[in-house]
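Welcome to this short tour. Open your viewer, and we will go from one selection to the next.

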Amino acid sequence: MIVYCRSLRHSFLLASFLACGRLFFASERGLQEITSSESSNAMQDLLGILPKAGHREIQGSNMTLAMMPMPLQVSFTNDDPFLLDKDFYMELPEDDEFNERLLRAAKRFLSRLSGRTGLFFENNSPTYGKNETPSFFHWSKKLPALKIRCRRKGDEMELEEDESYSIEIASTLVVLEADTDLGILHGLETLLQLLSVDPFRQSYSWPAVSIRDKPRFRWRGLLIDASRHFMPVDVIQRNIDAMATVKLNVLHWHLTDDQGFRIESKAYPKLHERGSDGNYYKQTEIKDIVAYAAERGIRVVPEFDLPGHATAWLVGYPELGSAPGPYELSPYWGISEHVMDPTKDTLYSFLEKFLHEMTTLFPDPFVHMGGDEVKINEWNESATIQNFMVDHNLSNAHELQAYFNNRIASILKREGKIMIGWDEILHPNIPKSIIIQSWRGHDSMIQAAQQGYRSILSNGYYIDLCLSAETHYQNDPLPSAVNLTREEQELVLGGEATMWSEFVSPETIDSRIWPRTAAIAERLWSPQNVSDVKDMYRRLDIIGTQLEEHGLTHIKNYDMMLRRLVQGSDISALKTLVDVLEPVPGYERGQQLGYTSFSPLTRVVDAAPPDAPVARRFRYLVDDFLQLSSTGRADTNRTTYIEIVECLSLWKENHGKLSTSIERFPVLQEIKQLSVDLAEVAVIGLKAVERLRSMNKRIHFSNAERRALNRARKAHGQSFLAVVFDIRLLTLEKIP
């Protein structure tokens with residue numbers, strides 16, 4: 001029997017065992033016994049054991065399952081689990097036989113289910129049956145079955161489309177029901193996440209459960225910047241698969257910037273011929289990716305950044321610019337001075353023809369036109385532009401950009417499209433149909449909603465900054481104290497994780513997107529009160545591993561990159577160090593070292609994981625240990641003490657093992673001091689733990705040890721030791 005419980009501080013998966021007349025439960029604290037003398041009621045209160053009949057309702061709760069995002073409502077029953085075997089089959093509604101998307105999704109589901117279980121299903125394709133909900137008590141077929149009930153094909157490009165679904169699992173039947181096939185796609189992902197091992201029957205199973213689920217926000221997106229560093233088709237596709245797994249529904253594809261024009265234009269071929277380094281998407285590839293995403297219920301919104309970030313446009317067509325040119329692609333990061341000239345009618349004729357061509361490739365009703373970080377120096381220095389502003393009563397550059405945006409919005413409207421732009425475009429004179437994407441802060445999103453504009457939040461979801469999943473998880477588009485009316489809150493469509501590509505390559509991009517983006521996906525899908533950070537991380541570790549089945553390289557490439565750094569030598573000591581390193585956060589990396597689009601992205605900083613899992617687990621051990629110490633019970637949890645000592649002892653000895661590789665391979669010289677610092681602070685940490693455990697107040701820390709702790713906080717090679725802060729906490733020294 002699988003038993004679920006919630007404690008006040010942790011969420012555990014408890015497996016109860018009945019052996020030799022004794023009842024045990026297994027938690028992440030180890031195997032513990034509940035004696036028979038305890039009352040059954042008290043035991044049920046402790047473990048959350050289900051009553052003998054009925055349901056236990058958990059709405060918006062962080063249950064101990066590995067689902068991400070967590071569903072809206074989960075109810076467990078006392079029925080036996082649904083056991084999977086080779087006779088399992090899947091039934092689609094017979095009146096939906098021509099819904100190809102549903103059929104292909106069902107086949108992918110069966111393939112992934114077979115891959116996870118190793119079962120050779122007799123039925124590798126779904127069958128068809130009546131589109132009705134069967135009675136669990138009168139299910140005539142004896143074979144274990146998953147029955148799909150779907151009323152219609154959904155329109156993934158419709159903002160208000162129904163994505164809800166429900167799941168009912170009993171011992172012999174699973175029913176997945178939704179109004180649209182989009183809901184079915186989401187439900188199939190939930191079923192895969194529910195899959196567990198029944199240790200008593202040596203079988204894979206689904207728990208007896210009832211689920212009702214729907215998204216909190218309509219827009220749940222991921223931006224991938226393919227301009228600064230080009231991302232091949234297979235990179236885009238595997239990330240689309242991962243998006244579907246965590247129920248994201250918008251791929252925002254950033255296709256143009258100062259470093260590259262990444263889409264083929266037959267109307268204006270010099271855009272991609274001269275505006276790229278030869279890496280761009282052919283129109284056939286664009287169509288394939290749009291179709292690939294639609295098969296998974298994901299829409300594709302292109303971005304053509306204007307009138308700034310426009311160098312790649314101007315290389316082939318300099319007449320569009322505000323300065324005479326000539327122009328060339330910039331290999332440098334930052335904001336280019338080159339901008340388009342919004343006073344030229346020829347610019348709008350050009351864009352009208354270009355956008356007509358592009359809108360035939362992208363069926364989505366929305367097109368992103370950028371509008372961010374427009375440098376106005378060329379506008380100010382042009383007498384022609386200044387005279388135009390006077391003639392049109394445009395008092396400043398912001399009004400000139402609003403003029404430009406109005407004309408672009410009109411072009412898109414004639415194509416049946418709606419414009420999206422970054423929050424700099426917000427101006428009282430632009431149409432209310434335009435959607436504002438807020439990247440500079442919540443304030444611009446709130447301001448947009450108060451002025452009647454729909455908006456999307458990206459501020460707080462910049463995953464390229466290498467911040468923790470916790471930081472993104474706690475960033476809510478609509479926090480409970482938000483100063484918006486109910487009607488204004490409805491204008492906030494959702495949010496997008498943004499993966500800008502200055503410091504990623506096709507080899508490293510997956511590790512910067514995943515698994516942290518799954519935490520953002522949960523914030524955008526699940527109820528607001530699903531907010532337990534530790535439980536989020538517990539589930540994130542599991543989902544992160546499952547994502548590998550889509551071909552993602554966020555785990556696989558880690559060891560590969562380390563092996564390359566030491567030319568195939570033993571990486572164990574190097575990995576011990578890099579396990580507790582993180583890239584410097586924000587854009588400090590670019591400030592510490594002059595990067596260009598040609599710079600290698602193969603160093604230790606590129607292998608080091610953002611939000612390093614080893615460092616995070618050490619942080620939780622320290623938190624637990626200090627909490628016990630503060631109550632005078634530091635010796636009551638020997639397991640935590642032993643784990644901390646094991647970590648610190650490993651780090652203490654590691655530099656001695658790694659020093660030979662550091663001296664042998666020049667690329668590792670930049671992290672030499674980090675290796676030395678880790679060993680030094682580990683010694684201090686061992687001393688601190690012993691002081692706390694023994695309650696020996698005569699153990700003190702010298703000024704040299706304090707200087708070592710301060711020195712270890714410094715970054716080297718654009719990486720820093722992520723465990724120094726927690727080791728310093730163990731010393732009980734004041735942290736400036």
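On a 1 Å grid over the protein atoms alone, a cavity is a set of points where a 1.4 Å probe fits but cannot get out, and lining residues have an atom within 4 Å of a point. Grid points are joined across faces, edges and corners, and a volume is the space filled by probe spheres set on the points. This is a predicted model, where local features need pLDDT of at least 70 and side-chain atom pairs count only at pLDDT 80 or more, while totals for chains, interfaces and linings use all residues. Residues are numbered from 1 along each chain as its sequence is written, and side-chain values use heavy atoms, leaving out hydrogens and water.

**Stop one: the cavities.** Searching the whole structure turns up two cavities of 30 Å³ or more. Select Asp464, Cys466, Phe503, Gly586 and Arg589: of the 14 lining residues, these are the closest to the centre of the largest cavity, whose volume is about 120 Å³. Where does the largest cavity lie? Domain 3 (221–530) and domain 4 (557–731) both give residues to its lining, so it lies between them; the domain bounds come from an automatic or database domain assignment.

**Stop two: the second largest cavity.** Its volume is about 70 Å³. Now pick residues from its lining, including Asp155, Glu156, Arg218 and Arg299. Domain 2 (82–213) and domain 3 (221–530) each give at least three residues to this lining.

**Stop three: Trp313.** Show Trp313 and, leaving aside neighbours within four places in sequence, find its contacts (heavy atoms within 4.5 Å), among them Phe261, Phe304 and Met340.

How values were computed:
On a 1 Å grid over the protein atoms alone, a cavity is a set of points where a 1.4 Å probe fits but cannot get out, and a pocket is an open set with protein on both sides within 12 Å along at least five of seven lines; lining residues have an atom within 4 Å of a point.
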